[in-house]
Amino acid sequence: MQHALLIAAACLMALLSTVGAALPYPILPPLFASGVANGLNTFLDLPPKLLLGVALAINPLGLLIGSAVLGPLSDRFGRRRLLLLASFGAAAGHALSAFALMIESYPLFLFARFATGLLEGRSAVARALLADKLSGSLRQRALSWLNGAFYMGWLVGPLMAAATIGFGLTVPFWIAAGALLLSAALVAAALPREAASTATTSWWHVARNEHSLNLLRHEELRRLFIVHLALTCGVTGFYEFYPLWLVEVAAYDAQGIALITAVMCAVMTLVSLFAGRPSALAPLRLASVNALGVAIAVGTVAAGDARVGMAAIVLFGVPMSYYNAVVPHWCTERYGGYGQGAVMGLLSTTFCLANILMAIAGSLLALVDTRLVLALGAVLAAWASWRLQGWHLELAGDGMKGSGS
């Protein structure tokens, strides 16, 4: 019963926290690419697509920093405390985002999105919480269910944006702020109070000297970082620019983008309910197969017409869900000794760095053709699949040598 309550609390927090993060994806592309001038897409007379790329990158930049430091901070000062503080802060960030849109201030919107991303790094804390308290197959299933809750947030967020944007551009952000306050209340009610921290170092010292990127001093974790970065660059290039592809190829508006995103996230959520089951395939082999599936889906969007591309967008959710169920659990088993918060933080940080890199590179490539961004993403995902397969064969060979000796 205690484990069920813990899993439920973590999943509810994940669901409500990602609702707000998902809101801008159907809202921003029409604001910047519709051709209607406003205070956001005319800032400094820069190209609207370039402004869109920066607006997409700024939130992941905050996530990059937050993911690197919040996980290790929770290792030292407690999961519950960090989850509560981050939820309250992110709610304030969404409220500030709404105000920035109201006055059409591009710089204030960037600041608000950065601050919100900084505190949304708590996803690493939620994963570390489950990794701490659970073990074996239950931990693998729970991490998969947690991924499903995050995906559900990406479903609910766009649907909520589509349903409420008619009442005003800022309304979805106000609702997101309220949802985050609710998630904080749920965490406070479900998780027991932790003992006072015995740490003698300040939070600033931990953030500066014990962040997740310190794990890159270890050779195998550097390898994981590089391969996972390539895969997530392919994924984030897809996430960030398929809405723009839908605007240009299918003439979709915010409601249309929200609908296709909701269908994709529904598929991801459904698959996540089963993806955490034990598999006969070795973890890296399974990760390689699904990384290849991601590459095929993203490449199909780049090469296909509107109908084929939309089908590929939806089916993308199948291999992505399996990949996200396999890799975090494998990492908890293999690298948990370094601190679950730090390890989960490294995975989250990698994803955030990929968001930034692809938002910048993609905004430049999109000036030529949006399909180039998707094609680059497909190539990077295919490379990651190849490297994961090689890593699997290397570990299998080492295992055979060990058994032979």
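Arg223 is partly exposed, with a relative accessible area of 23%; partly exposed lies between buried, under 20%, and exposed, over 50%, with a 1.4 Å probe and protein chains only. The structure is a predicted model, in which local features need pLDDT of at least 70, side-chain atom pairs count only at pLDDT 80 or more, and totals for chains, interfaces and linings use all residues. Residues are numbered from 1 along each chain as its sequence is written, and side-chain values use heavy atoms, leaving out hydrogens and water.

Let me turn to the charged pairs. Side chains of opposite charge can pair when their charged atoms come close. A search of the whole structure finds three salt bridges, each a side-chain nitrogen of Lys or Arg within 4 Å of a carboxyl oxygen of Asp or Glu. Arg223 meets Glu394 in one of them, at 3.0 Å from N to O. This pair links distant parts of the chain, 171 residues apart: Arg223 in helix α10 and Glu394 in helix α16 (residues 370-404). Helices here are DSSP runs (H or I, at least four residues), numbered from the N terminus. Glu394 is partly exposed, at 38%.

Arg334 forms a salt bridge with Glu220, with the closest N and O atoms 2.4 Å apart. Arg334 lies in helix α14 (residues 317-335) and Glu220 in helix α10, so the pair ties together parts 114 residues apart in sequence. Asp369 and Arg371 also meet in a salt bridge, at 2.7 Å from N to O.

Which charged residue is buried yet has no salt bridge? Glu240 is that residue, and the nearest side chain of opposite charge, Arg113, is 9.9 Å away. Glu240 is found in helix α10 (residues 219-250).

Terms used
Helix = DSSP H or I, 4+ residues; strand = E, 2+ residues; numbered from the N terminus. Lys, Arg positive; Asp, Glu negative; His and termini not counted.
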